[in-house]
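Dear colleague,

Please find below the structure I promised to hand over, followed by an account of what was found in it. I would be grateful if you could read the account with the structure open beside you.

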There are 2 protein chains.
Amino acid sequence: MQALQWDGKELQLNTVPVPVPDSGEVLVRLTKAGICNTDLEILRGYYPFQGTLGHEFVGVVEQAEDDTLVGKRIVSDINSSCHQCAMCDAGNPHHCINRTALGIKGSDGAFAEFLTTPSANLVMVPDTVSDDMAVFAEPLAAALEIQEQVNFPAGVKIAVVGDGKLGLLITLSLIQAGYDVTLVGHHPERTERLGMTTLKFCSTAPERKFPVVIEATGSSSGFTDALNITSPLGTLVLKSTYEAPLNFNPAPLVVNEITLVGSRCGPMDKAVARMASGAIDPTGLIEATYPLEKSLSAVEQANVKGTLKILLTMP
Amino acid sequence: MQALQWDGKELQLNTVPVPVPDSGEVLVRLTKAGICNTDLEILRGYYPFQGTLGHEFVGVVEQAEDDTLVGKRIVSDINSSCHQCAMCDAGNPHHCINRTALGIKGSDGAFAEFLTTPSANLVMVPDTVSDDMAVFAEPLAAALEIQEQVNFPAGVKIAVVGDGKLGLLITLSLIQAGYDVTLVGHHPERTERLGMTTLKFCSTAPERKFPVVIEATGSSSGFTDALNITSPLGTLVLKSTYEAPLNFNPAPLVVNEITLVGSRCGPMDKAVARMASGAIDPTGLIEATYPLEKSLSAVEQANVKGTLKILLTMP
């Protein structure tokens, strides 16, 4: 099969054997995959991963120990846990000390014709969720994780700083949940594209402060903006990955007793359910779709600043 | 009266009028005061304050609308609130938008013979608490604030990074509350001086991780050590003020979904109560005591790296 692989120096579309599922795993024939900033950061050397990239995907089960799974459209949690370490024991398999993550850590990912993943990680995709939607299950789950971690009071005013792909997904998820959201960004046209009509949009950090702020820019200046608009005793959620060290004046955080919450992967099942019910439709984020054989060009476009979601389709 | 004053350029012991209390305020004759790192940071230009320095003190009420207060030994909350803004309305007067803070913001402080403070801010000092103890009420309250903010599970293992004045007070307060504390620092002799026999001491960041970590070094490298020893889903409390911008790789914070809690001033009444009961005795932190007239030399010694608490006594 074809697989887009990174060897630490070069990105190449290689011909490799179809992977063989281990015990407890299924073989998935991939349908579509999405390029994420984390993929681009791996290529820039910020993560030590080598192998087949890609962790946003939808596919069909090709081979499984449980026959009833074969032929099912699925997405999959990207984290595989050992179920034996202290974090797993404490009910936090996403923080398993020995975890692997598809296309990120210790496990080949989704920019290929097939991948293997534990059957326990599968989430079924209902017919009402198209492939173009389902490919957003992983990043939408990451957006929804914020609501899992922080106990927002009803009606609280929330600011999202950053209108890139992740900032927009977070904003969509918060608006759908009924929150009063202000998005600080540079691309008001993107909010229209996603049908977010109830949103307040600011092109610079507003004067007022918010009890809850989500930082989704991935830059120190964006972080500083976000910190400065967080109310005393407020909560600032750090959702981005950062390419460079974070550099900021921590005095407002200490003096105003702000709580900063780091946030990563989230509940895939809830992401699929929100899309299945029609509550959230992220497909307005799609900028272009390339066949796997043109995946090098796809990555090139994804690397252009300001590009929204680039998808790959598999043969 | 004599007052140690900072005009933004120079520190001088000036002769100034005894302050006149406003309505609702008392006049306090100061007995002792402590030099805090925040005072030194004001002198280095990190805060815009000008006037009489000092916010750690004990004194005796000299003049008050309520006669029964006169002659009482007191400490005082350093924050004065407007009781009218949104933060005050919400029951958070320490985060009053219009607040002043003795010797830090908009209000003359305690390196003088007298100061004025709202009678509502007074905390009575019982006879069992000496002046040398009472002068620690403000920084001990700041240390206790951590237990007000974070809901520690019983028996949780806590690491404190930094064995300066604040780190040691935090450690004392946590040990007294029965927690299993590991102190990461460079001065094991200081823990003996404070009678902390149940403590674990490490001179470098330990290999193991802790569900709760307190960062009290005030440096980016100390912060990075603290972040690296915080368990996934753990809590890192940021207690220091920082002279320089904080610079660190935020990936562990995001990936491990760590909560970072900024922490400032705390409950003065609880600080006094813990000392009154004999539970906490911070007087082992005192390195030297100077008369107010030698306060310039006192500040000079306080500025020497590694110096513990320097006190001033008033005439």
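**A salt bridge within chain A**

In chain A, the side chains of A:Lys157 and A:Asp180 meet in a salt bridge, with a distance of 3.1 Å from N to O. Because A:Lys157 lies in strand β12 (residues 157-161) of chain A and A:Asp180 in strand β13 (residues 180-184) of chain A, the pair ties together parts that are 23 residues apart in sequence. Over all chains, the count by this rule comes to 16 salt bridges. Please keep in mind throughout that this is a predicted model.

**How the two chains are related**

The same surface serves both copies, since 97% of the contact residues of chain B recur in chain A.

**The interface**

The contact draws 32 residues from chain B and 31 residues from chain A. The area buried between chain B and chain A is about 2,700 Å², and carbon and sulfur atoms give 61% of that area. Of the area that chain B buries against chain A, B:His95, B:Val254 and B:Glu257 supply 22%, which is more than any other three residues.

Which kinds of side-chain or polar pairing does the rule find across the interface of chain B and chain A? It finds zero salt bridges there, whereas 11 residue pairs are in polar contact, both residues of each pair being at pLDDT 80 or more.

On the side of chain B that touches chain A, the elements that give two or more residues are α4 (137-149), β15 (230-238), β16 (246-248), α8 (251-255) and β17 (259-262) of chain B. Among these, β17(B) gives the most, with four residues. By class, that side of chain B has 17 nonpolar, 10 polar and five charged residues.

Strands also pair between the chains: strand β17 (residues 246-248) of chain A and β16(B) run in the antiparallel sense and are joined over three bridges. In this pairing, the bridge partner of A:Phe248 in β16(B) is B:Leu246.

**A sheet in chain B**

Turning to chain B by itself, three strands form an open sheet in the order β2-β1-β4, and the pairing is antiparallel. The edge strands are β2 (11-15) and β4 (51-52) of chain B, each of which pairs on one side only. Strand β1 (residues 2-6) of chain B pairs with β2(B) in the antiparallel sense over five bridges, and B:Leu4 stands opposite B:Leu13 in β2(B).

With kind regards

Technical notes: Residues are numbered from 1 along each chain as its sequence is written. Chains are lettered from A and ligands numbered from 1 in the order in which they are written. This is a predicted model: local features need pLDDT of at least 70, side-chain atom pairs count only at pLDDT 80 or more; totals for chains, interfaces and linings use all residues. Side-chain values use heavy atoms; hydrogens and water are left out. Contact means heavy atoms within 4.5 Å. Buried area is the accessible area (1.4 Å probe) that two parts lose on being put together, summed over both. A salt bridge is a side-chain nitrogen of Lys or Arg within 4 Å of a carboxyl oxygen of Asp or Glu. A polar contact is a pair of N or O atoms within 3.5 Å; within protein, one must be able to donate a hydrogen and the other to accept it, and residues adjacent in sequence count only if both atoms are side-chain atoms. Ala, Val, Leu, Ile, Met, Phe, Trp, Tyr, Cys and Pro count as nonpolar, Asp, Glu, Lys and Arg as charged, and the others, Gly among them, as polar. Two strands pair if DSSP finds at least two bridges between them.
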